[in-house]
Amino acid sequence: MMRIANVNVWVHDQDEALAFYTDKLGWEVRADATLPELGDYRWLTVGPPGQKDVAVVLNAIPGPEVMDEDSAGQIRALMAKGWLGSVFLQTDDCRAVYEELKARGVEFTEAPEERPYGIDSGFRDPSGNSIRLTEVKEEFSAV
Amino acid sequence: MPPRWPPVAFVPTARHVLRGKDLADARYSERIHVDDMAAAAGLSRAHFSREFRRAFGESPHGYLLTRRLERAAALLRNTDRSVADACFSVGLQSVGSFTASFTRTYGMSPTAYRAKYPPAAQHAQVPTCVLRVYGRPQRSTFREDNGSAPR
C-alpha cells in the first residue's frame, strides 16, 4: 500500500507563500523547521484542515551550493510564467469557497464555471503556481 | 556554514506579465484590451508587449484574441447559443470580424465548426484548465492568412 504524503511546490519566497496558504487559504502549518546543519534549509509544509495525511511542501529554490544557478533560473522562470505545475483542490461547495477566498483577497484567474464534471475555478499563489478549486459531481468523483 | 538559501526573494518580470495574461483568461468576456493587460502587470504597454512576447512567444493581442476564440469555440460545441451570442459572450463586438477571425483560425465558419463537433460526453471529465490550455488555437500569423488550415 502506498499513500501520497507530501507534494513539493516551489515558491519564490517562503514567508510570502506561508502567509498566502495560511491567512488567505486558511490552511494550517504542519511543519516549519530551519536546520542550521543544512545551511539554514527550511522545511515548511502546510495542508488544509481536515486532511491531515497530505501536505504541500513550500520549498524555496536553493542557492548555488545545492542547485546550479542555471537550473534554479529555469525553475524561477517557469514558475513566474505559471508553467511549473498545478495543485488540484476539491471542495463540496465551489461557489461558497470562492466567495470566502475572494473576500480574503485571493485573485481568481477563473471564476466558478459549470462543467460537465462539476463546478470548476482557478487561482494562483503569489509565486505564480496554478491552483484549481473544483466541486466534482458524484458520478465523476474518484472516491 | 553560510546560508545556502538567499533570504531575498527575486520576482522575475514574467511574474508580473503573467498577471496580464491571467487578466485575459479571467475577463475575456468583458471589453478588455491589451492596455488593461499591461495595467494588470503594472508595465507600460510597449514594455508589457515586449516582455509578454519574450515570456510566452506571442503577442498579448494574439493571446487575448485566441483565448476569446477558444472560449467561443467551447460555447459552440457545448451550448446551443447563437454565433452572435457566442461572439458577444467572449467580449467581441463585431460578428463580422469574429466570424472572419474564427474562420481564419479554425479553417471553417463558426456554424460549420458547431456542426462538426457534437457535444462529446467522453470528454466530460477533462478539466477546464486543460481544455483552455490545449484548446486555444495557434495564431502565429495574426491578420494574415497563409492559406493553410490550422490544426
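In which hand, left-handed or right-handed, does α1(B) pass α4(B)? The crossing is right-handed, that is, the near helix is turned clockwise from the far one by less than a right angle. The model is predicted; local features need pLDDT of at least 70, side-chain atom pairs count only at pLDDT 80 or more, and totals for chains, interfaces and linings use all residues. Residues are numbered from 1 along each chain as its sequence is written, with chains lettered from A in the order in which they are written.

**View 1. Helices α1(B) and α4(B)**. The axes of α1 (residues 13-27) and α4 (residues 60-78) of chain B come within 9 Å and cross at roughly 25°; axes are lines fitted to C-alpha atoms over the stretch in contact, with angles from 0 to 180 degrees between N-to-C directions. Helices are DSSP runs (H or I, at least four residues). The pair is therefore roughly parallel (angles under 35 degrees).

**View 2. Contact residues of α1(B) and α4(B)**. G20(B), K21(B), A24(B) and D25(B) of α1(B) meet P60(B), Y63(B), L64(B) and R67(B) of α4(B), where contact requires C-beta atoms, placed from the backbone, within 7 Å.

**View 3. Surroundings of F48(B)**. Leaving out residues up to four places away in sequence, F48(B) touches V17(B), G20(B), M37(B), A38(B), A41(B), L43(B) and P60(B).

**View 4. Chain B against chain A**. In this interface, 31 residues of chain A are in contact with 23 residues of chain B. On the chain B side, α1(B) gives the most, with 6 residues.

Methods:
Helix = DSSP H or I, 4+ residues; strand = E, 2+ residues; numbered from the N terminus. Parallel < 35°, antiparallel > 145°, perpendicular 65-115°, else oblique. Contact = placed C-beta atoms within 7 Å.
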